[in-house]
Amino acid sequence: MRVFKVEYYDRKKSLLKTLNASEFNQYLDKFWRPNSMFMENHQTGKSTLLTWQDYKFDNGFTDKDFNRNSLSKVR
């Protein structure tokens, strides 16, 4: 499954932001990842384009590498 578009709404139920993902590639024959993500804020008119490359999988990290204590040591 791939997410192509996500719409975010504010508390007044007005459209706030839209995220569009594109240029998907499949990695390790099972992971679909976008190479491009475009976020647009409809209320401020600002936008951001993120481009991704060189995704890495099976890097040896475990859940323990992402607990509060481990992450505080990274700083």
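Colleague: What should I know before looking at the residues?
Modeller: This is a predicted model, in which local features need pLDDT of at least 70 and side-chain atom pairs count only at pLDDT 80 or more, while totals for chains, interfaces and linings use all residues. Residues are numbered from 1 along each chain as its sequence is written, and side-chain values use heavy atoms, with hydrogens and water left out.

Colleague: OK, how many aromatic pairs are there?
Modeller: The count comes to seven aromatic pairs, where rings of Phe, Tyr and Trp (its six-membered ring) pair if their centres lie within 6.5 Å, and planes under 30 degrees apart count as stacked, over 60 as edge-to-face and the rest as tilted. One of them joins Phe31 and Phe57, which are stacked at 4.6 Å centre to centre with 0° between the planes.

Colleague: Where do Phe31 and Phe57 sit in the chain?
Modeller: Phe31 is in strand S3 (residues 31–41) and Phe57 in the loop between strand S4 (47–51) and helix H1 (68–74), so the pair links distant parts of the chain, 26 residues apart; helices (H or I, at least four residues) and strands (E, at least two) are DSSP runs, numbered from the N terminus.

Colleague: Which residues make up the ring cluster?
Modeller: Ring pairs link Tyr27, Phe31, Trp52, Tyr55 and Phe57 into a cluster.

Colleague: Changing topic, which rings does the charged end of Arg2 sit over?
Modeller: The charged end of Arg2 sits over the ring of Phe24, 5.4 Å from its centre, and over the ring of Trp32, 4.2 Å from its centre; the rule asks for NZ of Lys or CZ of Arg within 6 Å of the ring centre and within 35 degrees of the ring normal.

Colleague: What about Asp58, where is that?
Modeller: Asp58 lies in the loop between S4 and H1, and Asp58 is exposed, with a relative accessible area of 72%. Asp58 and Leu28 are 30 residues apart in sequence, and their C-alpha atoms are 9.7 Å apart in space.

Colleague: Last one, where is Leu71, and how accessible?
Modeller: Leu71 is found in helix H1 and, at 42% relative accessibility, counts as partly exposed.

Definitions and conventions: Buried means under 20% relative accessible area, exposed over 50%, partly exposed in between (1.4 Å probe, protein chains only).
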